[in-house]
Amino acid sequence: GFPAADAEAQVRADDRGHVFHSWSAQALIDPMPVAAGEGSTFWDFRGNAYLDFSSQLVNLNLGHQHPDLVSAIQQQAGRLSTIQPSLANDVRGELARRIADVSPEGLEKVFFTNGGAEANEYAVRMARQVTGRRKVLSMYRSYHGSTSTAISLTGDPRRWANEGGDGSAVRFFGPYLYRSAFHATTQEEEGARALQHLEQTILLEGPATIAAIIIETVVGTNGVLVPPPGYLQGVRELCDRHGILYIADEVMVGFGRIGEWFAIDAFGARPDLITFAKGVNSGYVPLGGVVISERVASHFDRVAFPGGLTYSGHPLACAAGVATFEVFERDGILDRVRDLGARVVEPTLRGWLETHPSVGEVRGRGLFWAVELVRDRETREPLVPFNASGPDAAPMTAFAAAAKQGGVWPFTHFNRMHIAPPLVISEEELVRGLSVLDEALTVADGYAQG
Ligand code: PLP
C-alpha cells in the first residue's frame with residue numbers, strides 16, 4: 001500500500017530539518033522522498049516509478065522486498081533478535097560456513113563486520129599483525145570506504161579532504177587501457193606494464209615495509225575496470241615473492257555482480273583476504289566481513305586477535321545472508337547474470353558505439369558495465385572533467401535527468417554511466433531500461449563532436 005500523498009511533505013520536512021546526509025553540502029541537496037520499493041523498482045510519493053539501474057549503491061542484488069529475505073529476517077526476529085559475538089549462534093555459523101564453501105581453497109574463516117569500510121579496516125589490521133609491517137599499497141581510481149584506514153587507501157577524490165598524512169598508504173596505477181598510464185595499446189601490454197610498474201613501486205617503497213596490497217577485483221565506482229588476463233595472478237606472484245599479503249576488495253562485485261560468487265573466481269588468483277559487504281544480504285540489515293586464509297587465521301590460533309565489534313555476526317543480518325544463498329542456488333542467479341550480461345547487455349551497449357557519438361567505450365561483465373562518455377572519440381576527452389561538479393557537470397546532470405524522466409534511475413560517476421541493476425531484474429525490465437538509457441544518450445550526444 002502507498003502512503004497518502006500528503007505524507008510526502010512530512011518526510012521532506014523531517015529529512016531537511018534533521019537528517020545529516022553523506023558526502024553532501026547539506027544546504028545544497030534535496031533528497032527525493034521514496035514511498036515504496038518492490039523488486040527492481042521504487043516509487044516516489046507522486047506515483048512515479050523508477051527502474052533501479054544502480055541497485056541503490058550497487059548493493060540491492062536481490063531487489064527490494066524479496067519475500068525470502070523478508071521472511072528470514074522476520075523469523076529470526078521472532079526467534080533471537082541479537083546475541084553478542086563471543087557466543088556461538090546457528091545462523092552466524094551457517095553463513096560463515098556457506099561463505100567459506102564458495103571462497104577459493106584455503107580460505108575457511110570469516111570475521112563479520114557491519115559494512116564494507118570496516119571489512120577493509122579489519123583486513124588491513126590482520127595483515128599488519130601477521131606481517132609486522134605497516135604500509136599498504138592501493139590503486140589510484142579505487143574506493144575502499146570512509147573510515148580512517150579505508151579512506152586513506154581510497155584512490156579517488158573522496159580521500160582529498162580526509163588525508164591523514166601517516167605515510168602508510170601508497171598508491172599505484174592499475175590497468176586501464178582506455179586511459180592507459182603506460183602508453184599501452186593492447187590489454188596484454190597494459191597488464192604486463194602495470195605489473196612492471198607495481199614491481200617498481202614495491203622495490204622503491206621497500207618490500208619489507210609493505211604489509212598488504214589491496215585491489216578491487218573489478219574496480220567499481222571508479223570505472224568498472226576489468227583486469228587484463230594474468231594481471232591479478234601477477235599481483236599474487238609479486239606478493240609471494242616479497243612476503244606481502246593480497247587483499248581482494250569484493251565489497252561491490254562479490255555475490256553475483258559479474259556472475260561469480262566472488263569475482264576473483266573469474267581471474268584465477270588466490271587472495272590471502274577477501275572483503276565483502278553489500279550483496280551478501282543486499283543490505284537488508286547492515287553486514288560485511290573478511291574471509292581469512294589459513295595462513296592469516298593460524299597466526300591468531302594462540303595469539304588473540306586485537307579487534308572486535310558489538311554487532312559482529314548480527315543474527316538478523318546473517319539470517320538474510322543465509323536466505324541469500326538459498327535464493328541464489330534455487331533460482332540459478334549466477335547463471336542468469338552471465339546469460340543476461342552476454343546476451344542482452346553486451347550487444348546493446350556495443351550497438352551504442354555505432355549509434356551514439358558520445359559513447360567512447362563500453363566495458364564490463366555480467367550485470368556490471370560502464371559506458372564511458374566523451375566529447376570527442378578521437379581525443380577521448382571526457383564528456384565532463386575529472387571530479388566535475390556544479391556547472392562543469394551539466395552534461396552528465398542533463399543525461400541523468402533525461403534517464404529519470406524516462407523512468408530509469410541511473411548510476412553516474414564523473415563522465416561515466418554504469419549499468420548495475422538488481423540481479424533479479426526481468427529480461428523485459430532490462431530491455432525496457434536499456435532503451436530508456438539509449439534515448440537519454442541523445443542528450444549526451446548533443447555535447448559531443450558528431
Ligand atoms: N569497497 C568498495 C569496493 C566499495 O564499493 C565500497 C562502497 O561502495 C566500500 C568498500 C565501502 O563499503 P561501505 O559503504 O559498506 O562501508
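**Ligand shell.** I looked up which element gives the most to the shell around the ligand, and found helix H5, residues 116-131, with three residues. The model I am reading is a predicted one. I find 16 residues surrounding the ligand. The closest are Gly115, Gly116, Ala117, Gly145 and Val251. By class, I note six nonpolar, eight polar and two charged residues in this shell.

**Domains.** I took the domain assignment of the chain next. Domain 1 is made of 7-65 + 332-445, and domain 2 is 68-331. I read 25 Å between the two domain centres, taken over C-alpha atoms. The contact between them involves 28 residues of domain 1 and 26 residues of domain 2. On the domain 1 side, I list helix H11 (333-355) and strands E11 (359-365), E12 (368-376) and E16 (416-419), each supplying at least two residues. Of the elements on that side, H11 gives the most, with five residues. I sorted the residues of this side of domain 1 into eleven nonpolar, ten polar and seven charged.

**Strands E11 and E12.** I then followed two of these strands. E11 and E12 run antiparallel and are joined by six bridges. They form a hairpin with two residues between them. In the turn I note Gly366, with a positive phi of about 60°. I also asked how enclosed E11 is: five of its seven residues are buried, so E11 is largely enclosed by the rest of the structure. As for pairing, Val359 has Leu373 in E12 as its bridge partner.

**Leu373.** I stayed with this residue, which lies in strand E12. Is Leu373 buried or exposed? It counts as buried, because it has 26 C-beta neighbours inside 10 Å; the cut-off for buried is 20 or more. Leaving aside neighbours within four places in sequence, I list its contacts as Ser358, Val359, Gly360, Leu383, Asn415, Arg416, Met417 and Ala444. I also checked Leu373 against Phe112: they are 261 residues apart in sequence, and their C-alpha atoms are 38 Å apart in space.

**Helix H13.** Ala444, one of the contacts of Leu373, is among the buried residues of H13. I checked the length of H13, residues 427-445: at 1.5 Å a residue, its 19 residues should span 27 Å, and the end C-alpha atoms are 27 Å apart, which agrees.

E3, residues 49-52, pairs with E14 in the parallel sense over two bridges. Opposite Asp52 I find Trp409 in E14.

**Helix H10.** I ran the length check on H10 as well, residues 315-331. Its 17 residues at 1.5 Å each should span 24 Å, and the end C-alpha atoms are 24 Å apart, which agrees. Twelve of the 17 residues are buried, so H10 is largely enclosed by the rest of the structure. Among the buried residues I note the stretch Pro315, Leu316, Ala317, Cys318, Ala319 and Ala320, and also Val327 and Phe328. What do the buried residues of H10 pack against? I find helix H3 (67-79), helix H4 (90-102) and H11. After H10 comes Gly332, with a positive phi near 60°.

Gln65 is not a glycine, yet has a positive phi of about 55°. I place Gln65 in the loop between helix H2 (55-58) and H3. Gln65 counts as partly exposed, because it has 13 C-beta neighbours inside 10 Å. His183 is not a glycine either, and has a positive phi of about 55°. I place His183 in the loop between strand E6 (169-172) and helix H7 (187-205). With 8 C-beta neighbours inside 10 Å, His183 counts as exposed.

Notes:
Residues numbered from 1 in each chain as written. Predicted model: local features only at pLDDT ≥ 70, side-chain atom pairs only at ≥ 80, totals over all residues. Pairing = 2+ DSSP bridges. Helix = DSSP H or I, 4+ residues; strand = E, 2+ residues; numbered from the N terminus. Near = placed C-beta within 6 Å. Nonpolar A, V, L, I, M, F, W, Y, C, P; charged D, E, K, R; others polar. Domains from an automatic or database assignment. Contact = placed C-beta atoms within 7 Å. Expected span 1.5 Å × (residues − 1).
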